[in-house]
Amino acid sequence: MARGSKHHDCPITSKTKRKFCSQPSQSVVDDGILEAGVDTGEEQASEPFTDADEPLSGPFPGGPHDPSVLKSFKSHVAAAIWFNKERDPLKLQNHSYKLTQWVFDEHVTNHKFWSYIDGSRLRPLVNCSYLIGNRVVVSAFCERWQPETNTFHLPFGEMTITLDDVFNILGIPIQGDSISVPEGVRLDKTYYASLLSSTLGVTIDEAKNEMSRYGGNGVTLEWLRLRFQSVSDDSSLEFIEFAARGFLLYILGCTLFVDKTGNRINVIYLHFLRDLNRVGRYAWGAAGLAFLYRQLGLASRVGCRQIGGYLTLLEAWIYEHFRNVVSPHLRVEYSENEPRVNRWEPRKDAGLSLVYVQALRQQLDHMQAHEVIWDPYRGHREAHPLLEITFYTGMLKCLDIVEPYYPDRVLRQFGRVQTIPRNPYTPSRVRRVSDSKSYEVVYEYFDGLWQRWRDHVLADANRSTPVKFSYDCTPEYLSWYQKITHPYVQHPDRVSAAVDSNEENHPLQQGTLDEWHS
């Protein structure tokens, strides 16, 4: 840290680990995480507000006290939980297991095919995906995601999945051309059928028939696999190229761009696979992050029941930064030059009942800043460098999805003292409501800004100073954060009606998450 710079060691208590209880005691609240006299809403009815879809215009019980940042909080799942209305663990749209279904004959050579896949820089996605997602972990963290800031809100500050995380966890490009269809391209059924025909070698009628099976502009992952998995070096060069595009589209549908359709992928991504020699020049990691940000925003709504996006990225991020809480298995054979996702063996769900989500929720409520691994790549930067584009500040895009990216909100993840960030961007159109099907957010976006990202990185003067302790933040930051956030998800004086904490095997009675970790 630079001499003379002011910073604040975020408060910790003398206990390094707490037993589960319903919520931090008032003495702990007074000890520096929240101001004394937190409004818990006891004078309110124990029901969510009837006008949940209206913007927050005043203090909310338990926070935020300043409604200027989390304007849609009344329709957030955490707002409902505060009033004792639970949500079941989210259904995870995880298609990673489908990657194992595309089987290549080991007795057949495919050098040309794999040269195209390697050139795309997407091959790490083939072998690094977690085949089964952990609903408990994902559900508990979705309760803390705030779409206005695209960050997780914890008792001691904000954290998020950054471009640095994407690059080092997945090993795919975060720099390059954006996944944005050029202006003037008319996206209609005729265009999609023509795109499918020209890039995959099917007839226009075949293309239309496949897309019409379920409606929309997608093809099934199974259709891609059955059509192209027989490729070999003995195939014609044209068919090898068709198969390479089909496989790359299959990979994208199983990983970065998993949506809630369950088994399909939008054919528009073939636009970016036309020239197989240019596929690796796209910022696939940045597009995948924008897509995941949007899925997390949807999952934060109280009416949402499932989540898409690349959940392996989310889980691996949690393992990197919260390994002291979720305790993933360390992979002994991991090599430092591999993507960090390969460092972990994911935890399987031991149970799917709400009690496990609530147990993890309360452990997160009790977490303190020093228990987080803020910069897990520190000391490993030779193999996992911090690229300058990580400090880009602006919009990330994936087709029609545009989401803001704010590195100044999570400076501690880059080894810098956290300061008060600037206000979030204001959408040109926004409707963050309880029903995720009616969720709509539109931001202004210009492709030229991303292409000139060097002109839009966080200035050195705004990157603060190096931390002395990994959790350092300014005292002004804590005071400000206390006002704009909802730091605790569980109400301090009640346990959800959805669970019975008197059950003998309830994780809260056991005092640890050992059973959940098993």
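Which residues do ring pairs link into a cluster? In this predicted model, in which local features need pLDDT of at least 70, side-chain atom pairs count only at pLDDT 80 or more, and totals for chains, interfaces and linings use all residues, the cluster consists of Trp102, Phe104, Phe113, Trp114, Phe247 and Tyr250. Residues are numbered from 1 along each chain as its sequence is written, and side-chain values use heavy atoms, with hydrogens and water left out.

Rings of Phe, Tyr and Trp (its six-membered ring) were taken to pair if their centres lie within 6.5 Å, with planes under 30 degrees apart counted as stacked, over 60 as edge-to-face and the rest as tilted. By this criterion the structure holds 34 aromatic pairs. One of them is formed by Phe156 and Trp374, which are arranged edge-to-face with 5.9 Å from centre to centre and 75° between the planes. This pair links distant parts of the chain, since Phe156 lies in the loop between β4 (151-154) and β5 (157-159) and Trp374 in the loop between α14 (354-366) and β11 (394-398), 218 residues apart. Helices (H or I, at least four residues) and strands (E, at least two) are DSSP runs, numbered from the N terminus. Phe156 counts as buried because its relative accessibility is 1%, and Trp374 is likewise buried, with a relative accessible area of 2%; here buried means under 20% relative accessible area, exposed over 50%, and partly exposed in between (1.4 Å probe, protein chains only). A further edge-to-face pair, with 5.4 Å between centres and 80° between planes, is formed by Phe272 and Tyr282. Phe272 and Tyr282 each lie in the loop between β7 (264-266) and α11 (284-299), so the pair ties together parts that are 10 residues apart in sequence, and both residues are buried.

Charged side chains also meet aromatic rings, a charge being placed over a ring if NZ of Lys or CZ of Arg is within 6 Å of the ring centre and within 35 degrees of the ring normal. The charged end of Arg123 sits over the ring of Trp114, 4.1 Å from its centre, and Trp114 is itself a member of the aromatic cluster. Arg463 lies over the face of Phe391, at 3.9 Å from the ring centre.

Side chains of opposite charge can pair when their charged atoms come close. With a salt bridge defined as a side-chain nitrogen of Lys or Arg within 4 Å of a carboxyl oxygen of Asp or Glu, the structure holds 20 salt bridges. Among them, Arg361 and Glu86 meet at 2.8 Å, N to O. Arg361 lies in helix α14 and Glu86 in the loop between α2 (77-82) and β2 (91-92), so this pair ties together parts that are 275 residues apart in sequence. Arg361 counts as buried at 0% relative accessibility, whereas Glu86 is partly exposed at 22%. Asp164 forms a salt bridge with Arg381, the closest N and O atoms being 2.9 Å apart; because Asp164 belongs to helix α6 (163-170) and Arg381 to the loop between α14 and β11, parts 217 residues apart in sequence are tied together. Asp164 is buried, with a relative accessible area of 2%, while Arg381 is partly exposed at 22%.

Turning to the strands, two of them were taken to pair if DSSP finds at least two bridges between them. An open sheet of three strands has the order β3-β4-β5, with antiparallel pairing, and its edge strands, β3 (145-146) and β5, each pair on one side only. Three bridges join β4 to β5, and Phe152 has Met159 in β5 as its bridge partner. Elsewhere, five bridges join β11 to the antiparallel strand β12 (residues 401-405), with Cys398 standing opposite Ile401 in β12. The hairpin of β11 and β12 has two residues between the strands, and Leu399 takes a positive phi near 60° there. Strand β11 is mostly covered, five of its five residues being buried.
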